[in-house]
Amino acid sequence: MPALGYHVDGFPIPVLVTGDALFAGSIGGCPTPARYQLALSRLREVLAPLPDETLLLPGHGLATTLGEERVANPFL
Ligand SMILES: [Fe+2]
């Protein structure tokens, strides 16, 4: 089952509910190397146009921002 995220409109800053796709400092587990590569490429593609102030709400752990993850998350 692929991980899903939701981009929520209507707030002063972009909000992305990342579920199990992206956590503060990590990403969700992938069952195969091919799925891992797909997850990395899709995350980079989806996140690229979003600004640093985008609020990320993972399914586990602390909320973070895209700017923080661009600096500290080795998967991005
Ligand atoms: Fe989960």
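1. Basis of the note. The model is predicted; local features need pLDDT of at least 70, side-chain atom pairs count only at pLDDT 80 or more, and totals for chains, interfaces and linings use all residues. Residues are numbered from 1 along each chain as its sequence is written.

2. The sheet. Four strands make up an open sheet of mixed pairing, in the order β1-β2-β5-β6. β1 (6-8) and β6 (64-65) each have a single partner strand and stand at the edges, so one side of each lacks a neighbour in the sheet. Helices (H or I, at least four residues) and strands (E, at least two) are DSSP runs, numbered from the N terminus. Two strands are paired if DSSP finds at least two bridges between them.

3. The β1 and β2 hairpin. β1 and β2 run antiparallel and are joined by three bridges. H7 has L16 in β2 as its bridge partner. Six residues lie between the strands of this hairpin, where G10 takes a positive phi near 100°.

4. The parallel pair. Strand β2 (residues 15-19) and strand β5 (residues 55-58) run parallel, with four bridges between them. G19 stands opposite P58 in β5.

5. The β5 and β6 hairpin. Two bridges connect β5 and β6, which run antiparallel. The bridge partner of L56 in β6 is T64. This hairpin has five residues between the strands, and G61 takes a positive phi near 85° there.

6. Faces of the strands. In a regular strand the side chains alternate between the two faces of the sheet. A residue is buried if 20 or more other C-beta atoms lie within 10 Å of its own, exposed if 12 or fewer, and partly exposed in between, with C-beta atoms placed from the backbone.

7. The nonpolar core. The largest nonpolar core has eight residues, namely L16, A21, L22, F23, I27, L43, L56 and L66. Such a core is a set of buried Ala, Val, Leu, Ile, Met, Phe, Trp, Tyr and Cys residues joined through C-beta atoms within 7 Å.

8. I27 belongs to strand β4 (residues 26-27) and is buried, because 21 other C-beta atoms lie within 10 Å. Neighbours within four places in sequence aside, I27 is in contact (C-beta atoms, placed from the backbone, within 7 Å) with A21, L22, A39, L43 and F75. With the same exclusion, the contacts of A21 are A3, G5, I27, G28 and L43.

9. L50. L50 lies in the loop between α1 (33-47) and β5. L50 is partly exposed, because 15 other C-beta atoms lie within 10 Å. Residues up to four places away in sequence not counted, L50 touches P14, L16 and L66. L50 and G67 are 17 residues apart in sequence, and their C-alpha atoms are 9.6 Å apart in space.

How values were computed: Contact = placed C-beta atoms within 7 Å.
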